[in-house]
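This briefing is meant for a reader who is meeting the structure for the first time. Please keep the sequence and the three-dimensional view side by side while going through the points that follow.

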Amino acid sequence: MLVKTYGAAVQGIDATLISIEVSISSGVRFFLVGLPDSAIKESHERILSAFAYNKYPFPRKQVIINLSPADIRKAGSAYDLPIAIGILAASDIVRTDKLSSYAIMGELSLDGTLLPIKGALPVAIKIFQDGFKGIVLPSQNAREAAVIDGLEVYAADNLQQVVGFFNGAGTLERATADIKSCLASGNNHQGLDFADVKGQESVKRAMEVAAAGGHNILLIGPPGSGKSMLAKRLPSILPPLSFEEALETTKIHSVAGKLGKTGSLLTDRPFRSPHHTISDIALVGGGSFPQPGEISLAHNGVLFLDELPEFKRQALEVLRQPLEDRRITVSRSLCSVDYPAGFMLVASMNPCPCGYFNHPTRECVCPHGAVRKYLNRISGPLLDRIDMHVEIVPVDFESMSQNRPAESSSTVRERVIRARSRQSVRFKDMAGIYCNAQMDAGLLHRTVQPDKEGLELLQYAMDKLQLSARAYDRILRVSRTIADLDDSDEVSAVHVSEAIGYRNLDRATWDN
């Protein structure tokens with residue numbers, strides 16, 4: 001007897017429909033074909049044990065299982081459940097009338113308990129797009145898939161419950177998700193607030209501009225000046241995720257297995273802070289079986305690189321293309337996958353090896369040339385891709401001891417949301433562009449035209465600071481964001497001047 005069940009294979013952050021064909025005929029052999037990896041091949045032993053524990057007979061005949069299409073590589077243990085149900089259906093133990101309407105995914109333990117899988121959300125999206133009525137998943141993955149409106153998602157704890165569901169002898173709990181409530185509860189960042197930061201008003205302003213336009217920013221200052229403190233509070237002033245952004249972010253974390261046992265739609269913007277010993281593969285993604293890296297896990301959020309010059313140069317250099325393209329392509333001999341990488345880069349560094357170059361009260365003890373050598377750990381092309389370079393000076397005692405309340409993150413966030421609203425109107429007819437930092441050169445020069453005084457000031461800065469053409473574009477983008485914060489349709493000399501002030505680390509002037 002031939003029976004088909006259905007699942008999906010995840011490639012990148014998208015899925016492909018997989019048909020699991022089970023044929024039982026005379027003979028005594030077991031075949032599993034269709035480019036399965038080792039984890040799928042081992043499903044035979046897990047299914048044997050689960051059947052024995054739950055008193056289901058394994059057929060003493062020839063069993064052929066084909067994972068179709070056969071030219072797509074399948075990986076992972078999520079095919080245990082559809083294979084098991086297919087064998088039981090081909091043995092006339094499970095009814096087949098519902099099998100064509102529902103997809104099935106799940107890993108089996110030896111006693112038939114269902115274990116969570118990776119990539120349940122992209123699987124559910126594909127199943128819905130292909131017209132299936134619903135999907136049966138392990139309970140830990142059900143809430144994640146339930147965000148797809150119109151798809152019936154059923155949560156199961158073990159093999160017996162799934163058999164009962166298809167035989168009409170029992171019911172499974174249908175998972176639901178309240179999307180509006182999920183999105184409304186977002187932006188909870190463990191109580192971190194800009195009001196906790198004493199002084200540093202100019203740096204807070206720079207962080208507000210960066211958040212309003214989605215700009216990359218580098219904070220440079222001595223130890224203890226508040227670089228990490230400010231960076232960790234940046235997500236608290238970012239605008240809330242839209243449903244489309246939340247869905248894409250959740251897909252990435254689902255594929256990487258980062259949602260947890262009760263994971264649902266991610267509503268907080270990600271904040272990733274890898275250690276400086278990270279490898280380039282862990283940063284951008286890859287491996288023998290490609291997985292998203294830190295830059296993709298930070299998609300629609302913040303990637304914080306503390307002590308930037310301490311990162312391996314090779315790891316930093318691989319950031320250059322994702323910073324421009326907002327995507328990363330991981331190519332291997334067996335496959336090539338694309339991962340989104342639309343992150344906001346926030347980096348920090350000391351100004352020199354000792355940390356006290358340009359310090360107002362402490363003397364730098366680094367030898368001649370050490371500052372330039374330290375800065376050279378970061379390539380010029382990478383610095384050019386960072387829109388804003390902001391120098392931080394230590395907070396004096398008077399500012400630290402004041403009890404005057406500082407401006408809260410919620411107040412700053414309101415201004416950021418207003419600026420982003422202006423940008424969303426500006427880019428409403430342009431797919432994939434949501435903020436000023438995402439404008440390419442052509443769109444930038446069509447959209448941003450400073451007034452006469454602004455152009456003259458920009459020309460003077462280009463000559464004086466010996467800026468590159470890429471830095472010129474960065475200044476225009478930041479100028480447009482500053483104008484948006486001022487609710488201004490025009491980019492004036494005031495906006496250009498402030499944007500130029502955020503290029504503190506340009507290589508021609510820094511160590512003079």
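Leaving aside its neighbours within four places in sequence, with which residues is Ser19 in contact? In this predicted model, Ser19 is in contact with Lys4, Thr5, Tyr6, Asn66, Leu67 and Ser68, once those neighbours are left aside. The protein around that residue has 512 residues, of which 53% count as buried, and the chain is built with 22 helices and 19 strands.

**Overall picture**

- Taken along the principal axes, the C-alpha atoms of the protein fill a box of roughly 85 × 45 × 45 Å.
- Among the contacts between residues at least 6 apart in sequence, 75% join residues that are at least 24 apart.

- Strand 2 (residues 14–25) pairs with strand 4 (residues 62–68) in the antiparallel sense over 7 bridges, and Ile20 stands opposite Leu67 in strand 4.
- Ser19 lies in strand 2, and with a relative accessibility of 12%, which is under the 20% limit, Ser19 counts as buried.

**Nonpolar cores**

- The largest nonpolar core has 69 residues, and those with the most contacts inside this core are Ile65, Ile83, Ile85, Leu159 and Phe166.
- Helix 3 (residues 80–90) gives the most to this core, with a contribution of 8 residues.
- When residues up to four places away in sequence are not counted, Ile85 touches Thr5, Val94, Leu99, Ile104, Leu159, Val162 and Val163.
- Apart from the core to which Ile85 belongs lies another core, made up of 49 residues, among them Leu238, Met344, Val412 and Ala419.

**Strand 11 and its two partners**

- Strand 11 (residues 217–220) is covered on both faces, with Ile217 and Leu219 buried on one side and Leu218 and Ile220 buried on the other.
- Strand 11 pairs with strand 18 in the parallel sense over 4 bridges, and the bridge partner of Leu218 in strand 18 is Ala347.
- Strand 11 also pairs with strand 19 (residues 388–391) in the parallel sense over 4 bridges, and here the bridge partner of Leu219 is Val390.

**Asn350 and Tyr374**

- Asn350 lies in the loop between strand 18 (344–349) and helix 15, and at 11% relative accessibility this residue counts as buried.
- Leaving aside neighbours within four places in sequence, Asn350 is in contact with Ile220, Gly221, Pro222, Pro223, Lys227, Glu307, Gly355 and Tyr374.
- Tyr374 has its place in helix 15 (residues 370–375), and with a relative accessible area of 4%, Tyr374 is buried.
- Setting aside the neighbours within four places in sequence, the residues in contact with Tyr374 include Glu307, Pro309, Glu310, Met349 and Asn350.
- Tyr374 and Pro353 are 21 residues apart along the chain, while their C-alpha atoms are separated by 6.6 Å.

**Helix 18**

- The 18 residues of helix 18 (residues 409–426) should span 26 Å at 1.5 Å a residue, and the end C-alpha atoms are 26 Å apart, which agrees.
- Within helix 18, the residues Ser409, Val412, Arg413, Val416, Ala419, Arg420 and Gln423 are buried.
- Seen down the axis of helix 18, these buried residues fall within an arc of 125°, and therefore they line one face of the helix.
- The elements covering the buried residues of helix 18 include helix 8 (201–213) and helix 21 (469–485).

Technical notes. Residues are numbered from 1 along each chain as its sequence is written. This is a predicted model: local features need pLDDT of at least 70, side-chain atom pairs count only at pLDDT 80 or more; totals for chains, interfaces and linings use all residues. Side-chain values use heavy atoms; hydrogens and water are left out. Two strands pair if DSSP finds at least two bridges between them. Helices (H or I, at least four residues) and strands (E, at least two) are DSSP runs, numbered from the N terminus. Buried means under 20% relative accessible area, exposed over 50%, partly exposed in between (1.4 Å probe, protein chains only). Contact means heavy atoms within 4.5 Å. The expected span of a helix is 1.5 Å times one less than its number of residues. The arc is that of the directions from the helix axis to the C-beta atoms. A nonpolar core is a set of buried Ala, Val, Leu, Ile, Met, Phe, Trp, Tyr and Cys residues joined through side-chain atoms within 4.5 Å.
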